[in-house]
Amino acid sequence: MTSADALISRSEIFPWSDNFATGIEVIDAQHRKLVDLLNQLAGHMALGSEWLTLHAVFDELADYAQYHFETEESIWSQHLKADALVHAHKKTHHDFVDEVERIRATIGVESDDKAVEKTTSFLTHWLAFHILEEDTAMARVVLGLQQGQTLTEAKASAQAHMHGAAHALIDAVLHMYDSLTSRTLALLREVGHRQRVEEKLRLAGNIIESSADAIFITDPHGFITDVNPACCAALKRPRDALLTQAVDDVMPGLFGLPPGQAAWANARELGHWAGEIHNRKPDGELETIWLMLSTVKDTTHHTQHFVGIVSSITHLVARHQALETAANHDALTGLPNRRLLSDRLTQAVQHSRRNRTLLAVCYLDLDGFKPVNDLLGHAAGDEVLRVVAQRMQKALRGADTVARVGGDEFVLLLGDVNHVHEVTKLLHLLMFELAQPIEVAAQQVRVDVSMGITLYPTDAASADELLQHADQMLYAAKAAGKACLRVYPGN
């Protein structure tokens with residue numbers, strides 16, 4: 001049973017009274033059931049229960065009312081046959097069922113207070129009046145007949161009883177239920193509101209306690225007022241040892257450094273800060289975290305607390321970097337692949353244009369590589385490619401780019417040169433280094449290179465066209481006998 005159900009079960013909008021007893025046991029038992037259903041419906045409406053719940057209670061109320069009315073009409077008809085009293089009573093039953101259906105069609109998921117009071121007032125008034133006057137009168141007629149009175153005598157006796165004191169009782173009961181209904185509904189709404197607030201607080205507390213992220217709360221001056229277990233575990237200190245401590249003292253690797261101090265200042269000024277930041281752990285290890293800082297203000301907009309959430313994302317950053325490397329680098333040699341080469345080439349062209357220097361785009365291919373693969377196997381070929389990549393990186397300048405674009409083909413980007421002779425001199429030295437023997441599979445193998453070169457902005461082409469022109473010169477070098485280089489547009 002939920003807390004709302006428990007509250008509803010303890011609350012009575014319409015408390016049962018012995019004054020409602022008609023003297024016919026089966027009818028009185030069914031009246032008690034109707035009163036119980038009415039109390040359930042009123043309670044759910046007052047607590048703002050969801051529409052499916054209200055719909056189910058409305059269904060049960062309407063169905064049971066129909067069952068009860070059939071029971072009553074059977075008893076009345078058994079004793080009164082087709083008397084006018086039976087027909088009039090049956091009409092009130094039909095009117096009630098129609099009114100319940102109409103009310104259900106107008107009640108939304110969130111019933112406002114006026115709708116709740118109006119609906120509950122109608123139901124309590126109808127039920128109280130119906131039981132106290134109509135059902136009681138009918139029951140007295142039936143009881144009179146059972147005691148041997150004629151129908152006329154039974155009607156007269158019932159009518160005499162229902163005048164005077166009985167009417168005063170009905171008026172008093174209806175007035176009492178008006179007051180009681182209003183007060184009970186108000187109490188139910190207040191208690192229900194408090195229960196919902198308490199439930200939210202319990203849920204928030206459970207979330208904080210079970211969170212894998214370190215969460216801390218401070219006062220406006222940055223002194224810790226509460227921490228969750230994850231925060232204690234991260235700082236390797238018990239909760240009692242952290243309370244009342246300054247947050248920058250217990251987390252100096254985070255808030256004792258300029259980035260953390262800036263984050264705290266932004267949270268004070270703007271009310272919130274979130275971002276990636278580095279934290280120096282007590283053991284000296286540097287970790288990447290996602291930090292969120294938020295202010296909690298009171299009704300006068302003054303800061304009461306700061307809430308911080310610290311999430312370690314070192315493993316996510318490492319994974320992201322690994323994926324970036326895999327996406328942009330050749331798996332065999334570790335060199336940039338075509339994708340990264342395209343980005344580097346675009347930047348190199350812009351740098352050359354801005355600094356008015358030459359950019360050499362070199363396309364090269366290994367001569368004699370196929371026999372290594374065919375005779376010694378692919379593993380030996382892979383080792384040759386790795387050695388060639390290492391030699392190129394070692395021979396060239398740190399700002400230059402070496403990329404593997406497929407098979408035994410490579411592209412070099414040599415920037416900040418002033419004359420083509422600087423490029424050809426550097427590349428001849430590279431060709432000499434690459435031609436040195438490579439020991440692989442207990443054998444020494446040798447590969448030469450052929451190169452095609454174009455220079456930007458002498459060749460004022462687009463990035464893609466620069467690669468095409470260098471590739472054209474590579475084929476020209478191979479046609480000239482290999483192990484040589486050619487410069488665009490040809491020499």
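## Terms and overview

Axes are lines fitted to C-alpha atoms, for helices over the stretch in contact, and angles between N-to-C directions run from 0 to 180 degrees. The model described here is predicted.

The chain has 491 residues, and 43% of them count as buried. Its secondary structure comprises 18 helices and 12 strands. Among contacts with a separation of 6 or more, 61% come from residues 24 or more positions apart.

## The five-stranded sheet

Five strands form an open sheet with mixed pairing, in the order β7-β8-β6-β11-β12. The edges are β7 (401-406) and β12 (485-487); each has a single partner strand, so one side of each is left without a neighbour in the sheet. On average, neighbouring strands of this sheet are turned by 20° against each other, direction ignored.

Strands of a sheet pair through backbone hydrogen bonds, either parallel or antiparallel. Strand β6 (residues 358-367) and strand β11 (residues 448-456) run antiparallel and are joined by nine bridges. In this pair, Tyr 363 stands opposite Gly 452 in β11.

## Helices across the sheet

Which strands does helix α14 lie across? Helix α14, residues 338-355, lies across β6, β7, β8 (409-417) and β11. The helix runs at about 150° to β6.

Helix α18, residues 463-479, lies across β6, β8, β11 and β12. Its direction is at about 140° to β11.

How values were computed:
Residues are numbered from 1 along each chain as its sequence is written. This is a predicted model: local features need pLDDT of at least 70, side-chain atom pairs count only at pLDDT 80 or more; totals for chains, interfaces and linings use all residues. Side-chain values use heavy atoms; hydrogens and water are left out. Helices (H or I, at least four residues) and strands (E, at least two) are DSSP runs, numbered from the N terminus. Buried means under 20% relative accessible area, exposed over 50%, partly exposed in between (1.4 Å probe, protein chains only). Contact means heavy atoms within 4.5 Å. Two strands pair if DSSP finds at least two bridges between them.
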